[in-house]
Amino acid sequence: MLPSPFQFERPSTIADAVRAVGESGDGMFYAGGTELLLALKMRVIRADRLIDIKGIPGLDCIAVNGMNEIEIGARCTHRKISGDPVIREHVPALASLCAEVANIRVRNVGTIGGNLCFGEPHADPPTMLAALNARLVLVGSRGTREVHADDFIRSEMETVREPDELLRVIVFPRPAGPVTYRRFKHGERPSVNVAMTWSLNADGNTIRSARVRVGALGLRPQPLPVVEGALRNVAVAEARQAIETALPAALDQLEVNADRHGGADYKRHLAGVLLLRSADEAVTAGGSWLK
Amino acid sequence: MSVTDSMSAVRPDLIEKVTGRAEYVTDLVIPGMLHGFVVRSPATHARISSIDASVARSVPGVVDVLIGADVVSFGCWGVVLKDRPIMAIDRVRYVGEPVAVVIAETIEIAEVAAELVDIAYDELPHATTIREAMMADAPLIHEHHENLEDFYFKGGARPTPSSNIFHTYRNDVGDVDAAEAVAAYVHEDHFTFPAISHFAMEPHAVIADFQGDSLTVWAGAQTPTAVQKVLSRLFGLALAKVRVIVPFVGGGFGGKASVKIEPLVAAASWKVRRPVRVAQSMAESMLTCRRLGADITIRTAVDANGRILAKSARLLLDGGAYSDTGSAVATKSANRIMGPYVVPNMRLEACAVYTNTIPGAAFRSIGGPQAVWAKESHMDNVAAAIGMDPTEFRMLNLASRGERIRPDLRALDMDMSELIGRVTRSFAPDAQPSNRKAHGLALAATDPANTPISNAIVRLKIDGSILVSVSSIEVGQGAHATMAQIAAQTLKQKVSAVTVLRSDTAVAPYDWGTGASRSTVVVGLSVESAALDAADQILDMVAEVWELPRDGLSLVEGGVSTGPDVLTFHQIFHRSLGVDSGEVVGRGAITPRSKKGSLAESPLFWETSAALAEIVVDEETGEIRVPRYASAADVGRVINRVAAEGQDEGAAVMGLGHALHEALEFEDGQPVNATPIDYSIPRITDVPPSFDTILVENGDGPGPGGAKGMGEGAILPVAPAIANALFAAYGIRITDLPMTPEKVWRALQKRN
């Protein structure tokens, strides 16, 4: 259970890292290694060169930018995010998510960027970041581009990131309403998870818009447009009823795999359970949002 | 007392372990040592059509590659049936079977070169489940069965020729048919139990060093003398030339009992004539052995008052590709499906079956969890069917102390109603089951195979320090601390004066092995007897040299009291021997004839467990939580409380894993979750927040101070107690483990 031999480089700038990974042979970025090193040891992934990005300054910053958006450096560990004052203040649900990812060893070294780039369908952060309408900033040899979290994961273990593109930062608008995340798991990874964000109107009593994403059921997090539509301009107090009414049709639209985490009907049912529990939590949180 | 002192007083190994100084096999470096990496079968059942190791051999740093052709002449080995080659020779019988060992200067080189060994397979028809293996046209996984009577266990296996059944055990008492004919009610159930991984934190790791006609092996082995014997026979070496050294072992649970990868590593060293180390990963150890899955039919007949008239059980056990100790697991499963009840008529049958899967092995209470899962779930079903409260039904049918539950087994040496009372009282009156909380009870009384054969040496030195040599291994259970306490108490010295030597067959005398809850009782008795022998020698010395009456002398801390005076050990040795040096060597032996033959009857004691579980079910997800759990065992006498409670709690939490989480799954013989990532065991957050461990001490056991063995009992009742709580609250009966949320949800849906 050792990886095949590889070269190891530790550049100190993003440009050097991108250049290094693009050289001949298979090069891969390496940060926490909690997924990559396991896969290398099991020899399901091969790399000739690992480009360690831990020597690059600035990749682990968390801040609110001038556009009232929250930026999370891709190299932030789950542990760092879970304890960060900005995240705890503005997106406490993300802080709790990061505090519960996998296990303590993974949280201490695993990074949010690495988690996204691995494209594991049974993961916590992608669902949440999609619900938060996050953009991922990729830096490659041909320049910088932004990809919406919804479009980032293409399929199981596959993203739109080019091998020589480095995920630099994750950016999303500061939430204007309650944010919830719930998952069900009976093992190492979530069987199903649901993230929901509400933007409240200025009165604080009605939902202007909602984003709902369900993860781990298919190849990537899926939106629930029926529920999102049902929540538009609905009073917070009536949100649960609105979701309940829309739920059967919404769940029917989900693409659900049967796998080791359970049968499709069971996991579809769980998505509904989690969504309703999220609604109760959001209603409670919504009531105090402006106070 | 400092924290480290108080930890050391409880368990001398704790400080070594928490500071990382404790040595396990993987920490050892033997001069000249090479590294082996095992190439494993990807096929379920196949003929090996060719092996080409030439490219691998040419890799710089590779010393050699061991393949089946090298070991043909050694023949097969086994501990009950001689059915296993050192490695696959012309045929593989399960995914994970060793086919080649690449031996290199470094483990990195060995692993890289392992990918270059080119092996071609021709698939054979396979049988990967009990049902497939028992079909009339099933492929035969073994054509011949060479029986080794009394080699490891008393008795051998009883294979059925030209079938995959490698052992059948039957025991009939009375007349079940006649009893069923007059019964008021007969109820039958069917249960299944999956294969389960031992999941020890330390995977199998072995270093072997062949030197001429002698062989030294460092292994995390639970039964070093069995390893010694198998290696001696396989390689034609004298027993005295085979040395097995066992440093600290990081968990065994039966997965390191009998013999595992030691013959393979020894053959690698034989091939290159240098020490070779094979340190498996956890995933490789998950492919090495596992608990036997089971398919169980159980039927009970009761009279109009609810008294049990007859019980019959048929247990089919999935033994995997090689028998190992699967025959004993099957026999024990039949014995463990009975008690602790009075059953006048019984028909028991257990079969162990070969399948093309990872070989079955001993695992904490062999056959016990399988049998108790079925019998205790069944008890509640029978009670419900006749409209009786399940606890009342059990109480009505309990066998009492002194009663025999089967004529060929020792009378019960405990009072199960006392244990039921203790767990019931542990749940405070305010913990009555409510709509949300449900309670379930389950009981077990099992017959440990604690072969009464053991030897110990206790050496008392001139400065009062004491050395204890036993073959018992320290696998985390605290056996060495317990032996030290027994020696110290017997010789009236401080426990800190005692050192228990690392297990080494060249130093320690013969013992059967560490397992079956036997060490405290059997090895403990031999240590006690060796300490008494040492005491006799020192007291005789004083009586003779000082010319004092022997009965006036007694041991005290640091020496011998003559009544008015205390002579230090220094004074005694100095004056007796003329020089200021020396020691006495006490020898203790336990055999079936010891203690006037009282140890010969089986079992030596009954290992007991009663459990009450409180569960809360999330009805929407099917997830079961266990907020409260009480576990009671009659252990006779506690010698080391921290170790004893740790054993009981550890066994119960392992049982919780069996109940709610664990199953080693196969698809067409391919393991689908045999990695630590995909296989799920309980975490500390899954452990019941309220956990009451009740150790009943009546001082009536056969061991030192009236101790009985323990450590395997508490694993038994967990799953049925939880299942019975689920049945009580929702009327749903889960019949196959683990009780995953999805299974529970589906059962709830079906009921609605």
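This is a predicted model: local features need pLDDT of at least 70, side-chain atom pairs count only at pLDDT 80 or more; totals for chains, interfaces and linings use all residues.
Residues are numbered from 1 along each chain as its sequence is written, chains are lettered from A and ligands numbered from 1 in the order in which they are written, and side-chain values use heavy atoms, with hydrogens and water left out.

**Stop 1: chain B against chain A**

Select both chains and look at the interface, where 26 residues of chain B are in contact (heavy atoms within 4.5 Å) with 27 residues of chain A. The two chains bury about 2200 Å² between them, 52% of it on carbon and sulfur atoms; buried area is the accessible area, taken with a 1.4 Å probe, that two parts lose on being put together, summed over both. On the chain B side, select B:E111, B:I677 and B:R683, which lose the most area to chain A and together make up 25% of what that side buries.

The interface of chain B and chain A holds eight salt bridges (a side-chain nitrogen of Lys or Arg within 4 Å of a carboxyl oxygen of Asp or Glu). For a salt bridge to display, pick the side chains of A:D265 and B:R746, which meet at 2.6 Å, N to O. Helix 5 (107-114) and helix 20 (741-751) of chain B are the elements that give two or more residues to the side of chain B that touches chain A, helices here being DSSP runs of H or I with at least four residues and strands runs of E with at least two, numbered from the N terminus.

**Stop 2: inside chain B**

Now colour chain B by domain: an automatic or database assignment divides this chain into domain 1 (25-124 + 198-286), domain 2 (293-449 + 602-751) and domain 3 (454-597).

The side chains of B:D324 and B:K260 meet in a salt bridge at 2.8 Å, N to O.

**Stop 3: inside chain A**

Move to chain A, where the assignment gives domain 1 (7-52), domain 2 (62-173) and domain 3 (179-283). The C-alpha centres of domain 1 and domain 2 of chain A lie 19 Å apart, and their contact takes twelve residues from domain 1 and 15 residues from domain 2. These two domains of chain A bury about 1000 Å² between them, 81% of it on carbon and sulfur atoms, and the count of salt bridges between them is zero. Highlight helix 1 (14-22) and helix 2 (36-41) of chain A, each of which supplies at least two residues of the side of domain 1 that touches domain 2 of chain A; helix 1 gives the most, with four residues.
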